[in-house]
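Please read this short report alongside the sequence and the model. It covers a few local features, one heading at a time.

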Amino acid sequence: EWIYKGLVLLVIGCPCALVISTPVTIISSLACAAREGIVIKGGKYLEEGRLLKNVALDKTGTITRGEPKVTDMIPFSGYSENELLSYAYALEKKSEHPLARAIVSYAEELDTLAPELSEFEILPGNGLQGQIKEDGKTEVLLGGNQSAVEKAAVIDDTVKEQANRLAEEGKTPLYFAKDDTLLGMIAVADTMKEDSADAVSQMQKMGLRVVMLTGDNEKTANAIGREAGVDEVIAGVLPDGKEAVIRELKEDGKVAMVGDGINDAPALTRADIGIAMGALGSDAAIEAADIVLMDDDPLKISKAIKIARKCIHIVYENIYFAIGIKILCLILGALGIANMWMAIFADVGVMVLAVLNATRCLSYKD
């Protein structure tokens, strides 16, 4: 009799449901996410996603389309629009930045000719610098934001007022100078994705704090931030500054960073969860990220977090269910009430029910 009772207790105590149901839940969640165009690089990030408190969004390519267009051409110092565009084209065609691509596309549409640069240098987070030869002498071309260009050329209050007006309209003013002469200003605007405001709203409803990071000046950033409805805008952030911002946000809890550019890679790595835009994103960003959104849809950010939360919720359901049934059957077995059939149900039956419960993740919908 005691051998039989011992075998009953042994069968009841087998942890099959606990061992199998959790990986099945995770695999089902990963498959569900993949079906939605979300590639999650491991079950660890499902658990991290459940604990998120802050989401940091890079502006260009994440909130906005990443396809800016030239909107204004404002030449100074007696130069024409064509001359301004020519010098700007010479600099920007050497850059891979989205704002540079906008100027290059605009210049190519107008069949603009550009002088050849003898030297070229990128000023990280500020602008571009190159050298050209005109009339037998070497001159320095400089393009970028106000802080970079005003080191070489004088930018008076009238010009700054025009730049502020453009920035308040959500445009990014770019300055260009030759030696110590201000050539002019080109304004570039990037339109916001249709679903960005809805995506931000969904994350906020989930109890997440949404922060927008951008290298743009404060006025331009605030204009986009108001339209998107984010909780906080951090403007004027240099590429290496994004990582520092993520470190600060991590002091408040788990942080997800969403970006698409090569400059976002350090911040994506630093964050608890890095999320990259896969369609237009750089290879470096995709490699550094833990989650990749294959179609660049910002609504998929909240969907990925919901899948993570649902996954861990079902994991805990299975744990509580399996342990609860086993404790009940162990008590009945100790009292001599449970037989071998009840023990088999407590082992194999509970395992099957837990696995079936785990597969609910496959058909999860918002």
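Where is the place of Tyr 106? Tyr 106 lies in helix 6.

## Basis of the report

This is a predicted model, in which local features need pLDDT of at least 70, side-chain atom pairs count only at pLDDT 80 or more, and totals for chains, interfaces and linings use all residues. Residues are numbered from 1 along each chain as its sequence is written, and side-chain values use heavy atoms, with hydrogens and water left out.

## Tyr 106

Helices (H or I, at least four residues) and strands (E, at least two) are DSSP runs, numbered from the N terminus. Tyr 106 has a relative accessible area of 26% and is therefore partly exposed; buried means under 20%, exposed over 50%, and partly exposed in between (1.4 Å probe, protein chains only).

Leaving aside residues up to four places away in sequence, Tyr 106 touches Val 70, Met 73 and Leu 85, where contact means heavy atoms within 4.5 Å. The C-alpha atoms of Tyr 106 and Lys 69 are separated by 7.7 Å, although the two residues are 37 apart along the chain.

## Two positive phi values

Most residues other than glycine have a negative phi. Ser 77 has a positive phi, near 55 degrees. Ser 77 sits in the loop between strand 3 (69-75) and helix 5 (81-92), and is partly exposed at 49% relative accessibility.

Asp 111 also has a positive phi, near 55 degrees. Its loop runs between helix 6 (98-109) and strand 4 (119-123). With a relative accessible area of 65%, Asp 111 counts as exposed.

## Helices 14 and 15

Helix 14 (residues 299-334) packs with helix 15 at an angle of about 170 degrees, their axes being 10 Å apart. The pair is therefore roughly antiparallel. Axes are lines fitted to C-alpha atoms, for helices over the stretch in contact, and angles run from 0 to 180 degrees between N-to-C directions; under 35 degrees counts as roughly parallel, over 145 as roughly antiparallel, 65 to 115 as roughly perpendicular and the rest as oblique.

Among the residues that meet are Phe 321, Ile 325 and Cys 329 in helix 14, and Phe 345, Val 350 and Leu 353 in helix 15.

## Nonpolar surface patch

Phe 321, Trp 341, Ile 344, Phe 345, Val 348, Val 352, Leu 353 and Leu 356 make up a nonpolar surface patch with about 760 Å² of accessible area together. Helix 15 (residues 340-358) contributes the most, with seven residues. Leu 353, in helix 15, counts as partly exposed at 39% relative accessibility.

Patches are made of residues with over 30% relative accessible area and no salt bridge, like charges being joined within 9 Å and nonpolar side chains (Val, Leu, Ile, Met, Phe, Trp, Tyr) within 5 Å. A salt bridge is a side-chain nitrogen of Lys or Arg within 4 Å of a carboxyl oxygen of Asp or Glu. Accessible areas come from the Shrake-Rupley method with a 1.4 Å probe; for residues, only the protein chains shown count as cover.
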